[in-house]
Amino acid sequence: MTEVVTRVRTEKGSFQWVIEDWSSLPPAVNSADVECAGHRWRLRIYPAGREEEFAGHVSLYLYYCGREQGVNTSYTLRIVNQLPGKPDFVVSVARRKSFGFIHTGDVVNNRGFPTFISQARLNDETRGLKVGNRVVIRAELTVTADEPVHSVRPAAAPPTQRWEPAESLAREHKEILAMRSPVFQAMFAHGTREVGACEVVIVDLPASAVRELLLFLYTDRCSEGALASMGDLLLAAADKYQVERLRQLCEVELA
């Protein structure tokens with residue numbers, strides 16, 4: 001059998017901007033352009049707010065600097081704490097946003113936060129976000145490809161399911177199985193490999209169906225919902241091992 005595997009390609013990356021003389025920054029300043037997650041980006045910061053209405057805050061934006069359209073990106077912008085044990089200041093956008101060279105519809109070349117952090121909070125050096133006039137800003141990006149990638153490969157063989165009774169209880173297990181199934185009875189009575197190995201190898205049923213078959217053989221019942229969820233598999237098992245009552249229950253469920 002052949003199987004088709006579909007994956008959504010993502011590329012992750014991060015870059016950091018260290019500002020050594022925060023109080024001397026102009027009203028707006030860009031970081032250098034950086035290659036990150038397969039694309040070029042930069043940060044732009046407004047230390048006193050981008051516009052008058054955002055006064056008292058720091059505005060921070062992520063800019064896409066490439067030439068493509070529809071670069072789907074989720075991102076986190078953080079101010080790295082410089083004091084041991086203190087938390088970073090973090091703002092995350094988990095939902096993918098579309099960046100591009102040209103503004104069209106939902107595609108823009110920058111996204112960010114006009115009130116990223118209050119100046120009072122940043123300037124309180126006991127918090128560790130600005131220490132000695134130094135601020136460290138980090139951008140963490142995840143870029144997701146527009147189209148999934150498909151590959152074709154041979155399907156893996158189904159795993160072999162083995163039931164292995166403890167050696168000291170092998171006889172009792174065999175007797176129970178032989179009483180409940182003519183197939184097991186013949187298997188254990190005629191010097192087959194299972195007699196010597198004290199194991200039964202079942203390759204044509206999934207593990208869940210094997211467990212339900214064993215449960216029925218030992219208790220005369222299935223777990224709740226098993227007949228409804230895997231009635232066809234249990235019917236196949238009942239036919240193979242000639243478990244008449246289980247076969248009848250499956251046929252009623254599947255009718």
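Okay, before anything else, one term: a residue is called buried when its relative accessible area is under 20%. Keep that in your head, and keep in mind too that what we're looking at is a predicted model.

So, Ala226. Is Ala226 buried or exposed? Its relative accessible area is 3%, so Ala226 counts as buried. You'll find Ala226 in helix H6. Leaving out residues up to four places away in sequence, Ala226 touches Glu212, Gly231 and Leu234. And if you look across to Cys250, which is 24 residues apart from Ala226 along the chain, the two C-alpha atoms are separated by 9.9 Å.

That brings me to the helices. In general, you describe two packed helices by the angle between their axes and the distance between the axes. Here the pair is H6, residues 226–241, and H7, residues 244–254. Their axes come within 8 Å and cross at roughly 140 degrees, so H6 and H7 are oblique to each other. The crossing is left-handed. Who makes the contact? On the H6 side we have, among them, Leu227, Leu234 and Leu235, and on the H7 side the list includes Leu246, Leu249 and Cys250. Sorted by class, the contact of H6 with H7 has nine nonpolar residues, five charged ones and one polar one.

Okay, over to the strands.

Let's start with E6, residues 57–64. How many residues of E6 are buried? Seven of the eight, so E6 is largely enclosed by the rest of the structure. E6 has a pairing with E5, residues 39–46, which is antiparallel and runs over six bridges.

Last stop: an open sheet of four strands. Reading across, the order is E2-E10-E7-E8, and the pairing is antiparallel. Which strands sit at the edges? E2, 10–19, and E8, 89–99, each of which pairs on one side only. From one strand to the next, the twist averages 15 degrees. Inside that order, E7, residues 71–79, and E10, residues 135–144, run antiparallel and are joined by eight bridges. Zoom in there and you'll see Tyr75 standing opposite Leu141 in E10.

That's my tour, thanks!

Key:
Residues numbered from 1 in each chain as written. Predicted model: local features only at pLDDT ≥ 70, side-chain atom pairs only at ≥ 80, totals over all residues. Heavy atoms only, no water. Axes fitted to C-alpha atoms, helices over the stretch in contact; angles between N-to-C directions. Helix = DSSP H or I, 4+ residues; strand = E, 2+ residues; numbered from the N terminus. Parallel < 35°, antiparallel > 145°, perpendicular 65-115°, else oblique. Left-handed = near helix turned anticlockwise from the far one by under 90°. Contact = heavy atoms within 4.5 Å. Nonpolar A, V, L, I, M, F, W, Y, C, P; charged D, E, K, R; others polar. Buried < 20%, exposed > 50% of the residue type's maximum accessible area, 1.4 Å probe, protein only. Pairing = 2+ DSSP bridges.
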